[in-house]
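Trainee: Could we go through this structure together, step by step, with a question for each part?

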Amino acid sequence: MTMNIVIADDSSLSRRMVMNALPPQLSDVEITFARNGKEAMDAYYAGKADVMFLDLTMPEMDGYTVLKKLKEAEANTIVCVISADIQPEAQQRVLALGAACFIGKPVTTELLRKRIHDIGLL
């Protein structure tokens, strides 16, 4: 069964870094790139968001709003927040909004793969 992954970040470099860090064991995946929270939610509404790697600071709609909307929709999407805001308050806030994990930027391949393992995607 194909796993639909959304990588939402306003930086194309960050989107590519996350995509390249995905473990090769995730072989049957379809990746959708979103440049902002609105595009991430569009992917969710289109049924293309089993897993979402989500930046917090994006134009049009930020990651916090995406998390709130997913929570309101009682979505089953697994969200891993990847953000430069590494303050404990930010981490606590996103976890309270339903994120499965938090990764501080810059993301490393090793850390992303560890978090993917920790949340049970492998």
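Mentor: Let us begin with a term: contact, or touching, means heavy atoms within 4.5 Å. This is a predicted model, in which local features need pLDDT of at least 70, side-chain atom pairs count only at pLDDT 80 or more, and totals for chains, interfaces and linings use all residues. Residues are numbered from 1 along each chain as its sequence is written, and side-chain values use heavy atoms, with hydrogens and water left out.

Trainee: Which residues does S83 touch, not counting residues up to four places away in sequence?

Mentor: S83 lies in strand β4, residues 78–83, where strands (E, at least two residues) and helices (H or I, at least four) are DSSP runs numbered from the N terminus. With those sequence neighbours set aside, the residues that S83 touches are D55, L56, F102, I103, G104 and K105.

Trainee: Is S83 buried or exposed?

Mentor: Buried means under 20% relative accessible area, exposed means over 50%, and partly exposed is in between, using a 1.4 Å probe and protein chains only. The relative accessible area of S83 is 2%, so S83 is buried.

Trainee: In what order do the five strands form the open sheet?

Mentor: Strands of a sheet pair through backbone hydrogen bonds, either parallel or antiparallel, and two strands are taken to pair if DSSP finds at least two bridges between them. Here the pairing is parallel, and the five strands of the open sheet follow the order β2-β1-β3-β4-β5. The strands β2 (29–34) and β5 (101–104) each pair on one side only, which makes the edge strands β2 and β5.

Trainee: Which residue in β5 is the bridge partner of C80?

Mentor: The strands β4 and β5 pair in the parallel sense, over four bridges. Within that pairing, the partner of C80 in β5 is C101.

Trainee: How many residues of strand β1 are buried?

Mentor: Strand β1 is covered on both faces, with M3, I5 and I7 buried on one side and N4, V6 and A8 buried on the other. The strand spans residues 3–8 and is largely enclosed by the rest of the structure, because the number of its six residues that are buried is six.

Trainee: How far apart are the axes of α2 and α3?

Mentor: Two packed helices are described by the angle between their axes and the distance between the axes. Axes are lines fitted to C-alpha atoms, for helices over the stretch in contact, and angles run from 0 to 180 degrees between N-to-C directions. Helix α2 (residues 37–45) packs with α3 at an angle of about 25°, and their axes are apart by 9 Å.

Trainee: Why is α2 described as roughly parallel to α3?

Mentor: Angles under 35 degrees count as roughly parallel, over 145 as roughly antiparallel, 65 to 115 as roughly perpendicular and the rest as oblique. The angle of about 25° therefore makes α2, relative to α3, roughly parallel.

Trainee: Which residues of α3 and α4 make the contact between them?

Mentor: The axes of α3 and helix α4 (residues 88–96) come within 9 Å and cross at roughly 25°, which makes α3 roughly parallel to α4. The contact is made by Y64, L67, K68 and K71 of α3 together with, from α4, A90, R93, V94 and A96.

Trainee: Where is P106 found?

Mentor: Most residues other than glycine have a negative phi, and most peptide bonds are trans. The peptide bond that joins K105 and P106 is cis, with omega about 0°. P106 itself is found in the loop between β5 and α5.

Trainee: Is E60 buried or exposed?

Mentor: E60 sits in the loop between β3 and α3, and its phi is near 70°, a positive value in a residue other than glycine. Because its relative accessibility is 65%, E60 counts as exposed.

Trainee: What is the relative accessible area of E74?

Mentor: E74 is found in the loop between α3 and β4, and has a positive phi of about 55° although it is not a glycine. E74 is exposed, and its relative accessible area is 68%.
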